[in-house]
Amino acid sequence: MSDLNKLTLSEARDGLRKGDFTSVEVTETCLSAIAASGALNAFVHNTPDIAMEQAKAADARIASGDAPAMCGLPIGIKDLFATKGVDTQAGSRILEGFKPEYESTITTKLFDAGAVMLGKLNMDEFAMGSSNETSVYGNAVNPWKVDDRALTPGGSSGGSAAAVAADLCLAATGTDTGGSIRQPAAFTGIVGIKPTYGRCSRWGVVAFASSLDQAGPMTKTTRDAAIMLEAMCGHDAKDSTSADLAVPHFEAMLTGDIKGKKIGIPKEYRMDGMPEEIAKLWDEGADMLRAAGAEVVEISLPHTKYALPAYYVIAPAEASSNLARYDGVRYGHRAKLAAGDGIDDMYEKTRAEGFGHEVQRRVMVGTYVLSAGFYDAYYNRARKVRTLIKKDFEDVFAQGVDAILTPATPSAAFGLGEMSDSDPIQMYLNDVFTVTVNLAGLPGVSVPAGLSAKGLPLGLQLIGRPWEEGDLLNIAHSLETAAGFVSKPEKWW
């Protein structure tokens, strides 16, 4: 079969177990699709030898009757995850040539479950961006196209989103600090879930903002998200924020029955200037859930309006601390020094050459808000606002609300180069519907639910109770079924 790369995870899993095809065959099909996808720039480090070795091992496991959930399924890995012996640059020049001597907990879990790694995926530098345009590899391109205009796949997990949407892999890993799984999923017509903070280990994931970062799957369907998320979850003693909780069988929870569930619609998310097609899709999503038996109620999250400014104080502050380790001493890029240059010159030149403009901007902001005299005025105040935002959600869930429905993004995918680097706030506004979820540590999922007037995918976001990813995915599954989104990008790359 020449189109095995178009299968979902669940379809491929079932076909492998029935003997309809082998993991080697699925993997070869994906590798061929990747080789023909240069225009998308989604994969940046290909690992065909590793993939074929893992696929052969997976076929042997399946033949022996030992076939865990992800066994034999080819996936892509975001360049933020440490992969032993394989380039891990986090989309940055400063980590040029870095090949870790260890494996991240997430990739270890996936490989133990039999997953096949096709390669590493493009991303915004250190996950800082909403369009994949800050990547040292150059931007990834959305496989959806309008009027021959190249569109962003979103960010920071843009390569992951583009690869899944274009059927280069069956699924991919992503990370989400302020919407970096959910926004690109919405822009490319796929499913992306950010689990509860602490559900997936952060060990071996290059840090951006440690209190916000979470890994999650990017897949073609909610069922696939349930399958992959279960393989990624679990307590990790190497991560002090990892929750010591049992991992549910998420796929078994996809009953589609949401009768009696209470879905909240936050009035504060209906913002001035919201495009009509976004508001219309949101209303249609509420109607779909209502028709499926859910009760839809208006709710209030009064501190939502402070979420973006709070996020863009906290995240850069944590980034400035985390990125201080990249100094040219131990690994990665080191600038060439002139005669007489000292250690300070090496630090300055290395970081100036190694970090891109957006990373430099956020490190500068973060250092400023943490500096003496400004810590209380900015960082400490932002932390207090974060507590209020979290309490807003707690109050709503205490009223019996099971999930919250919002738009995933304020627009469909925009053109590459459309948002000026001279006005970063314009780009930051892409996170307006997603950052609250990270600030509160909650699970959130983006589900493709319709098309824009120009024929581009639009997503709806569901926000769930902490640790209730199974219930959240079931509601998302019901929405996915009702929306019936089956469109795929027409191949042009």
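A salt bridge is taken here as a side-chain nitrogen of Lys or Arg within 4 Å of a carboxyl oxygen of Asp or Glu. The structure is a predicted model, in which local features need pLDDT of at least 70 and side-chain atom pairs count only at pLDDT 80 or more, whereas totals for chains, interfaces and linings use all residues. Residues are numbered from 1 along each chain as its sequence is written, and side-chain values use heavy atoms, with hydrogens and water left out.

Lysine 78 belongs to strand β2 (residues 74-78); helices (H or I, at least four residues) and strands (E, at least two) are DSSP runs numbered from the N terminus. Lysine 78 is buried but forms no salt bridge, and the nearest side chain of opposite charge, that of aspartate 124, lies 7.6 Å away. Here, buried denotes under 20% relative accessible area, exposed over 50%, and partly exposed the range in between (1.4 Å probe, protein chains only). Lys and Arg are counted as positive and Asp and Glu as negative, with His and the chain ends not counted. Leaving aside residues up to four places away in sequence, lysine 78 touches several residues, among them Lys120, Met123, Ser156, Ser157 and Thr173, a contact being heavy atoms within 4.5 Å.

One of these neighbours, serine 156, is joined to glycine 155 by a cis peptide bond with omega of about 0°. Serine 156 is located in the loop between β3 (116-121) and α5 (158-165). Most residues other than glycine have a negative phi, and most peptide bonds are trans. The loop between β3 and α5 also holds asparagine 132, whose phi is positive, near 65°. Asparagine 132 is buried, with a relative accessible area of 0%. A positive phi of about 55° is likewise found at asparagine 41, in the loop between α2 (23-35) and β1 (43-46); with 22% relative accessibility, asparagine 41 is partly exposed.

Helix α4 (residues 105-112) has as its buried residues Thr105, Ile106, Thr107, Leu110 and Phe111. The elements covering them include α3 (48-63), β2, β3, β4 (171-176), β6 (214-219) and α7 (222-232).

Helices α9 (residues 307-322) and α11 (residues 357-369) pack at about 100°, their axes 7 Å apart. Because of this angle, α9 is roughly perpendicular to α11. Among the contacting residues are Tyr312, Val313 and Pro316 of α9 and Arg362, Val363 and Val365 of α11. Axes are lines fitted to C-alpha atoms, for helices over the stretch in contact, and angles run from 0 to 180 degrees between N-to-C directions. Angles under 35 degrees count as roughly parallel, over 145 as roughly antiparallel, 65 to 115 as roughly perpendicular and the rest as oblique.

The whole structure contains 24 salt bridges. In one of them, lysine 488 pairs with aspartate 167 (3.4 Å, N to O). This pair connects distant parts of the chain, 321 residues apart, with lysine 488 in the segment after α15 (469-483) and aspartate 167 in the loop between α5 and β4. Lysine 488 is partly exposed at 43% relative accessibility, whereas aspartate 167 is buried at 8%. Aspartate 327 and arginine 330 also form a salt bridge (3.5 Å, N to O); aspartate 327 is buried, with a relative accessible area of 13%, and arginine 330 is exposed, at 56%.
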